[in-house]
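Here are my notes after going through this one, in numbered points. Have the structure open while you read.

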Amino acid sequence: MGHLPRHWRGVCQCPMYNLPVSQTWSINKVLIRLPAERWLHITEEHSELAGYYYDVLDGVANPDAVFMGTSSELLASKAIGIEKHLIIVYKELDENDGFIITAFITSRIKQIERRIKIWPL
């Protein structure tokens, strides 16, 4: 599995799918989970993300910016190349727990930037 950044609190193997089950900390210091079933759903809908598992976790912990969603979700943005951004949609259920909803790659960052920016201010 290689060296993992310190901000990932726990990594274990999911026996059902042989996938790592990981969690990371958001900018609000909330523990955010990425369950195996969520990861499978994300990669089924966005197959281009298959090699971005740890980038998705890192995008929550170390985003370039975080925006408000249309409901109570948050959108973390992380540049991954020239004019390409990884967007991670996640929800903080309370001050101790949250989870990643989905993720996608976009070159249309201006649409995301129209939302209310909550970090950095």
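Predicted model: local features only at pLDDT ≥ 70, side-chain atom pairs only at ≥ 80, totals over all residues.

1. Tyr52 comes out as partly exposed, at 25% relative accessibility.

2. What does Tyr52 touch once its neighbours within four places in sequence are set aside? The contacts are with Trp39, Ile80 and Ile105. Have a look at Phe104 as well: 52 residues separate Tyr52 from Phe104 in sequence, and their C-alpha atoms are 10.0 Å apart in space.

3. Now the charged pairs. Side chains of opposite charge can pair when their charged atoms come close. Searching the whole structure turns up 4 salt bridges, and I'll go through some of them below.

4. Lys78 and Asp58 make a salt bridge, with 3.9 Å between the closest N and O atoms. This pair ties together distant parts of the chain, as Lys78 belongs to strand β5 (residues 74–81) and Asp58 to helix α2 (residues 53–61), 20 residues apart. Asp58 is partly exposed, its relative accessible area being 22%.

5. Lys110 and Glu113 are paired too, and here the closest N and O atoms lie 3.6 Å apart. Why are these two separated by about one helical turn? Because they are 3 residues apart in helix α3 (residues 109–113). Lys110 is exposed, with a relative accessible area of 60%, while Glu113 is partly exposed at 40%.

6. Arg38 forms a salt bridge with Glu37, and the closest N and O atoms are 3.8 Å apart. Is Arg38 buried or exposed? Its relative accessibility is 17%, so Arg38 counts as buried. Glu37, at 45% relative accessibility, counts as partly exposed.

7. Last, a word on confidence. The protein has a mean pLDDT of 86, and 83% of its residues reach 70 or more.

Methods: Residues numbered from 1 in each chain as written. Heavy atoms only, no water. Salt bridge = Lys/Arg side-chain N within 4 Å of Asp/Glu carboxyl O. Buried < 20%, exposed > 50% of the residue type's maximum accessible area, 1.4 Å probe, protein only. Helix = DSSP H or I, 4+ residues; strand = E, 2+ residues; numbered from the N terminus. Contact = heavy atoms within 4.5 Å. pLDDT = per-residue confidence, 0-100.
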